[in-house]
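The sequence and structure come before the discussion.

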Amino acid sequence: MTSSSNRLTYVKLAAVTMIWGTTFVAGRYLASGVEPLLAATLRFVLASLALLVFVAFARVRLVRPSVRQLLQLAMLGFFGIYFYNLCFFYGLQYINASRASLIVALNPAVIGLASWVVFKERLGPAKLVGIVFCLGGAGAVIVSRNPALLNGTANAWIGDVLIFGCVAGWGAYSLFSRGLNQALGALQTVTWSILLGTLMLAATTAFSGRLTVNAVQAIELPQWLSLLYLGVLGSALAYILWYEGIRHIGATRAGVFIALNPLTAVICGAMLLGEPLTLPMLLGGGLILLGIYQCNKPLAPAKAMGI
């Protein structure tokens with residue numbers, strides 16, 4: 001892979017994690033006014049529609065996966081769409097967005113360790129140090145932004161467990177896409193997995209009696225805008241770019257970019273809401289960037305050779 005290709009991949013992954021850095025705020029806002037199962041379903045109905053419109057305008061034909069590929073895609077849809085979003089929206093009913101993002105910051109470590117255990121991917125000292133830097137930096141940014149988040153309510157542990165379910169679900173969605181991503185490509189893999197995951201969510205919501213005309217009509221415009229943001233940008237676009245990143249540099253090296261999520265939230269808060277930037281936040285941000293560099297540094301010799 002050329003140096004310019006690597007740089008473009010890093011830019012895409014940074015953009016994805018910046019989008020995801022704000023999804024917890026949108027999700028928390030929805031969790032207070034829209035039933036979680038309904039919110040998850042509508043989010044991915046909108047994501048599915050966005051993907052189908054894009055595929056139609058791009059004149060790309062959806063491939064017909066084999067039976068084995070369809071089962072794999074259904075597994076991705078279950079873990080990355082169905083299970084993840086149930087944990088996401090129900091978890092945000094118990095804990096705030098900052099606390100949730102602190103737990104999600106564990107993603108790089110979980111993806112890296114799982115890659116090592118399941119796929120025997122080499123996890124050398126440089127990657128380990130980079131993951132530790134990312135975890136430490138994310139923790140410093142989040143806790144310094146809201147020190148009180150560590151003092152949870154009596155039922156905060158329920159939210160913690162559910163949001164950790166997001167970490168587990170996302171790890172499965174990132175890791176077990178390897179063969180499909182190479183065979184079908186990012187767009188096909190994401191589109192099929194989202195369509196199948198959306199069917200699972202819609203069936204569950206309809207069966208539970210929560211998918212009703214009255215419930216949909218009760219959703220207000222600001223909540224629809226949050227759903228559009230989560231569905232179109234936070235899901236359809238971001239998932240494609242995420243899988244493209246994994247395809248080019250692997251799950252472990254792509255995973256460390258998730259540590260940018262809390263840094264994005266802090267920067268947006270400072271720029272848009274006038275929230276203060278403290279020294280621990282800046283130091284934490286520096287650690288995150290150093291960790292991402294450390295995890296991706298091994299490619300430097302190859303890039304110098306133009307590989």
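## The largest cavity

Which element gives the most to the lining of the largest cavity? The answer is α1, with three residues. The model in which this cavity is found is a predicted one, and the structure holds one cavity of 30 Å³ or more.

The space in the largest cavity comes to about 140 Å³. Its lining is made up of 13 residues, and the ones closest to the centre are W20, T23, Y84, W170 and N261. Two or more lining residues come from each of α1, α3 (67-91) and α11. In terms of class, the lining of the largest cavity has eight nonpolar, four polar and one charged residues.

## The second largest pocket

About 160 Å³ of space lies in the second largest pocket, where A14, M18, L260, L263 and L289 are the closest to the centre among the 10 lining residues. The elements that contribute two or more residues to this lining are α1 (3-31), α13 (260-273) and α14 (279-296), and the largest share, five residues, comes from α13.

The lining of the second largest pocket divides into nine nonpolar residues, one polar residue and no charged residues.

## Packing of α3 against α7

The axes of α3 and helix α7 (residues 156-175) come within 8 Å and cross at roughly 160°, an angle that is over 145° and therefore makes α3 roughly antiparallel to α7. The crossing of these two helices is left-handed.

On the α3 side, the contact is made by L76, F79, G80, I81, F83, Y84, C87, F88, Y90 and G91, while α7 supplies G159, L162, I163, G165, C166, G169, W170, A172 and Y173. By class, the contact of α3 with α7 has 14 nonpolar, five polar and no charged residues. Two of the residues in this contact, Y84 of α3 and W170 of α7, are also among those closest to the centre of the largest cavity.

## Packing of α2 against α11

Helix α2 (residues 36-57) packs with α11 at an angle of about 55°, their axes being 8 Å apart, and the angle makes α2 oblique to α11. In this pairing α2 passes α11 in a right-handed crossing.

The residues of α2 that make the contact are A39, L42, R43, F44, L46, A47, A50 and L51, and those of α11 are W224, L227, L228, L230, G231, V232, G234, S235, A236, Y239 and I240. The contact of α2 with α11 has, by class, 15 nonpolar, three polar and one charged residues.

## Packing of α9 against α11

Helix α11 (residues 221-249) also packs with helix α9 (residues 186-207), the two axes coming within 9 Å and crossing at roughly 135°. That angle makes α9 oblique to α11, and α9 passes α11 in a right-handed crossing.

The contact involves A186, L187, T189, V190 and I194 of α9, together with S235, A236, Y239, I240, Y243, E244 and R247 of α11. By class, the contact of α9 with α11 has eight nonpolar, two polar and two charged residues.

Notes: Residues numbered from 1 in each chain as written. Predicted model: local features only at pLDDT ≥ 70, side-chain atom pairs only at ≥ 80, totals over all residues. Heavy atoms only, no water. 1 Å grid on protein atoms, 1.4 Å probe; cavity = no way out; pocket = protein on both sides within 12 Å on 5 of 7 lines; lining within 4 Å. Points joined across faces, edges and corners; volume = space filled by probe spheres on them. Helix = DSSP H or I, 4+ residues; strand = E, 2+ residues; numbered from the N terminus. Nonpolar A, V, L, I, M, F, W, Y, C, P; charged D, E, K, R; others polar. Axes fitted to C-alpha atoms, helices over the stretch in contact; angles between N-to-C directions. Parallel < 35°, antiparallel > 145°, perpendicular 65-115°, else oblique. Left-handed = near helix turned anticlockwise from the far one by under 90°. Contact = heavy atoms within 4.5 Å.
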